[in-house]
Amino acid sequence: FDDVIEGFHKAEKELTDYGVTLMLKTMRGYDVQRQLVLIGELVQAGVAALVIQPINDSRISHKINEIAQKGIPTITVNTDIENTCRRCYVGSDYTAGGVTAAGVMRIVTGGKANLGIVAGVSRLLGHDQRREGFERHIKTVCPDINVVQSVSAMDDSEHAYRVTLSMLKQNPQIDAIFIVAAGAEGVCRAVLETGMGDTVRVVSFDTVPATVAMMRRGLMRAVICQQPLRQGYESVMTSFDILLSGEPKQGSRIIMEHQIKILENL
């Protein structure tokens, strides 16, 4: 998420002459009550617009709808939320991302593999959409790819390490892994610890330091990028457009193009 935050600040710098400033609050994990507290603090501080990576929970939806009644528009970034009157979503099409990852896995494995899936967080709408898109498409295009087991990394590298290590010990036939969201460092550490680094092929998302290092090592075969810096930038600029004219110039969904990275084009 560091690149998303860098995008926030890039937009803030460009809008300085218009008197725009940002108040940034961050949190670890997916505690709904904590996110509600942070939203409340920002509203109390008098923000004109809210940019948020929302937990997909009815309480967050209700809060977004509540502050909309006060004239504060919400722009969701990186992942969206259901059943709200948020004004714009800026991020990737997660279902399409899952389909793209399935296509990459088909190429990487030649269409035959015993696959382990390391999923993301069920409280994030995008993670569920990406996993579902992947699983549905892999069944269609690769009937010889057998999904052996699916575990959840919970967007945490240490948790990802533990559940992947357990999955590989229980299922030594696994020779490919799809990482739905964060946790790549932990997943790859588990693969290497089991001595399966030469046989397991990994496909993941985002060119973060861990994925770049594992691509150079030969374990990570490809990553799919979703332009995080642009996500942060466009979400702030869209907020400004809404405050200025009442409407997002680019519509209610600004979708990032997926970019496939391999070692040779890092």
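**Contacts, cores, rings and strands**

Analyst: M220 touches A184, C188, V202, V203, S204, T211, M214 and M215, leaving aside residues up to four places away in sequence; contact means heavy atoms within 4.5 Å. This is a predicted model, in which local features need pLDDT of at least 70 and side-chain atom pairs count only at pLDDT 80 or more, while totals for chains, interfaces and linings use all residues. Residues are numbered from 1 along each chain as its sequence is written, and side-chain values use heavy atoms, without hydrogens and water.

User: Which residues touch the most other members of the largest nonpolar core?

Analyst: They are V118, I177, V191, V202 and M220, in a core of 23 residues. A nonpolar core is a set of buried Ala, Val, Leu, Ile, Met, Phe, Trp, Tyr and Cys residues joined through side-chain atoms within 4.5 Å. Elements giving two or more residues to this core include α6 (157–170) and β8 (220–225); helices (H or I, at least four residues) and strands (E, at least two) are DSSP runs, numbered from the N terminus. A second, separate core has 19 residues, among them A101 and F205.

User: Why is the pair of Y18 and F240 called tilted?

Analyst: Rings of Phe, Tyr and Trp (its six-membered ring) pair if their centres lie within 6.5 Å; planes under 30 degrees apart count as stacked, over 60 as edge-to-face and the rest as tilted. The centres of Y18 and F240 are 5.2 Å apart and the planes stand at 55°, so the pair is tilted. Y18 lies in the loop between α1 (2–14) and α2 (32–44), and F240 in helix α9 (residues 228–245), 222 residues apart.

User: Is Y18 buried or exposed, and what does F240 count as?

Analyst: Buried means under 20% relative accessible area, exposed over 50%, partly exposed in between (1.4 Å probe, protein chains only). Y18 has 58% and is therefore exposed, whereas F240 has 14% and therefore counts as buried.

User: What lies over the face of Y233?

Analyst: K10 does, at 4.3 Å from the ring centre. A charge sits over a ring if NZ of Lys or CZ of Arg is within 6 Å of the ring centre and within 35 degrees of the ring normal. R189 lies over the face of Y161, at 4.4 Å from the ring centre.

User: How many bridges join strand β2 to strand β3?

Analyst: Three bridges join β2 (residues 74–77) to β3 (residues 88–92), and the two run parallel. Two strands pair if DSSP finds at least two bridges between them. I75 stands opposite C88 in β3.
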